[in-house]
Amino acid sequence: MTYDDRPMRPGSSRPLNIGDPIQVYAMKNIYRHMGMAAEDLVPVSRYHMAAYAGEKAVVPLNCFNMIANQGSHPYSTLPPSGQVVPVYISFHLHNMVIDKAILDNMARFGPVGCRDEETYQNLTAQGVDAYLSGCLTAALPRREREPENGKVYLVDCYDTVMECMPKALMQDAVVLSHSFLMENEGGAHLSKAASARFQAAGEARLRLYRDTAKRIITGRLHATSPCNAMGIPVVSLRNNIDGRFAWLEKLLPLYTPLDGPVEDIDWERPAAAYEEHKKVLIDLACTQVRRARQKEAGSWGAAEEAAFRALAKRVHDFYMDRPRAQYDVRCLRRLDDFAPMHLPNAQVALWGVTTDMQIVKNAIARHFPGVRVTILDQAVEGTFDGIPVQKPEALAAMPKHTLCIATARPAVAAARQRCAELGLDMVQWSKVRFQ
């Protein structure tokens, strides 16, 4: 699986998360253990998997996913086309409402190896055969040596996190980000050359960490997990720990300085070491890919299936036996502060079909089940999680106690202006989520 041909408006630019190519690199690591040559690999884009019409391909789906096919969103991923034999491992799905066609595909090609317990609980609640696999970035090889004059890297650290760091640690620290600005040179998709630069940027960043880092301070999942695997000491700090991290506590502590004593943070914690678990995880991933190929060829037997299931259970049990963080506490506290959330006829309008929209919708569904949710978007049509997507003009007909949450950054200015005109409360979700 690749991140080629990403849909993007011609002439536009936007920051992309190099955690995506890092996940592709994690799968390359598995292929290396399987002895697979580059010429044996067929590039299948994550963004167009539902429409893929090339030669039959076994495609591991070790990635973050959101069902966008219900509306006119340009992503077309799930369910994969009939030319794709999906391998569901290290798989994250944000949606709580899942189309029957996708559930049927998971039933046919399962079990689904879920990257996090949030995905595992959601899928099993809907009858999907699943297990907790964690992320394949946790299987990257440990570096052979530590750098002589290593650097401390602060990767996408919030201001609130920076404020609580020891001054000695920050003195010579280098500030980095996993946001990589991409410009679309033309057409409706990123060019092959731009996609290759994006992949190269992710892999180059891993090499930088491996060869020069003496410590990483970050809240990024795909800085924390791969660096931890490579034997780099990592201090993981976030203002808010969400469900994507609901597996990682097994391998290292997750700190929330806004909600816990700063004195509890171990700034000098040594590098993690879990090489025996890595062997099991690599064995499981290799086996699940071989299983998909051999089942397609009709050569997978009952004994092999039993051995695979035992491996999956071993990894599942490893991650389930862990101390659990409190997930989305910061978000829920901020939502709880808004008076409209507690009215008997509470209503929220989410403006912008984005990943952030899915996050806040899930939080409301789990913790504020009585709140009615409306979804607004200027460009997207159709439904999302079973809710019709309406144009922003629909705000005018909503009750005055409606809370509008702008979940797309480009929509913030328009949402603020329209809500001011209508006398509605409005908040920018990124500020609720991260501050």
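Colleague: Which helix gives the most to the lining of the largest cavity?

Modeller: Helix α11 (residues 355-367) does, with four residues. This is a predicted model, where local features need pLDDT of at least 70 and side-chain atom pairs count only at pLDDT 80 or more, while totals for chains, interfaces and linings use all residues. Residues are numbered from 1 along each chain as its sequence is written, and side-chain values use heavy atoms, leaving out hydrogens and water.

Colleague: What volume does the largest cavity have?

Modeller: About 70 Å³. A cavity here is a set of points on a 1 Å grid over the protein atoms alone where a 1.4 Å probe fits but cannot get out, and lining residues have an atom within 4 Å of a point.

Colleague: Which residues line the largest cavity?

Modeller: Among them are His94, Glu118, Asp242, Arg244, Asp328 and Arg366. By class, the lining has two nonpolar, three polar and five charged residues.

Colleague: Switching to Asn240: where is Asn240 found?

Modeller: Asn240 sits in the loop between β12 (234-237) and β13 (254-255).

Colleague: Is Asn240 buried or exposed?

Modeller: Asn240 counts as buried, at 4% relative accessibility. Buried means under 20% relative accessible area, exposed over 50% and partly exposed in between, with a 1.4 Å probe and protein chains only.

Colleague: And what does the side chain of Asn240 make a polar contact with?

Modeller: The side chain of Asp328, at 2.9 Å. Asp328 is also one of the residues lining the largest cavity. A polar contact is a pair of N or O atoms within 3.5 Å; within protein, one must be able to donate a hydrogen and the other to accept it, and residues adjacent in sequence count only if both atoms are side-chain atoms. A polar atom of the Asn240 side chain also lies 3.4 Å from the backbone nitrogen of Val329.

Colleague: New topic: how many aromatic pairs does the structure hold?

Modeller: Six. In one, the ring centres of Trp247 and Tyr319 are 5.6 Å apart with planes at 80°, so that pair is edge-to-face. Rings of Phe, Tyr and Trp (its six-membered ring) pair if their centres lie within 6.5 Å; planes over 60 degrees apart count as edge-to-face, under 30 as stacked and the rest as tilted.

Colleague: Where in the chain are Trp247 and Tyr319?

Modeller: Trp247 is in the loop between β12 and β13, and Tyr319 is in helix α9 (residues 302-320), 72 residues apart. Trp247 is buried at 0%, and Tyr319 counts as buried at 0% as well.

Terms used
Helix = DSSP H or I, 4+ residues; strand = E, 2+ residues; numbered from the N terminus. 1 Å grid on protein atoms, 1.4 Å probe; cavity = no way out; pocket = protein on both sides within 12 Å on 5 of 7 lines; lining within 4 Å. Points joined across faces, edges and corners; volume = space filled by probe spheres on them. Nonpolar A, V, L, I, M, F, W, Y, C, P; charged D, E, K, R; others polar.
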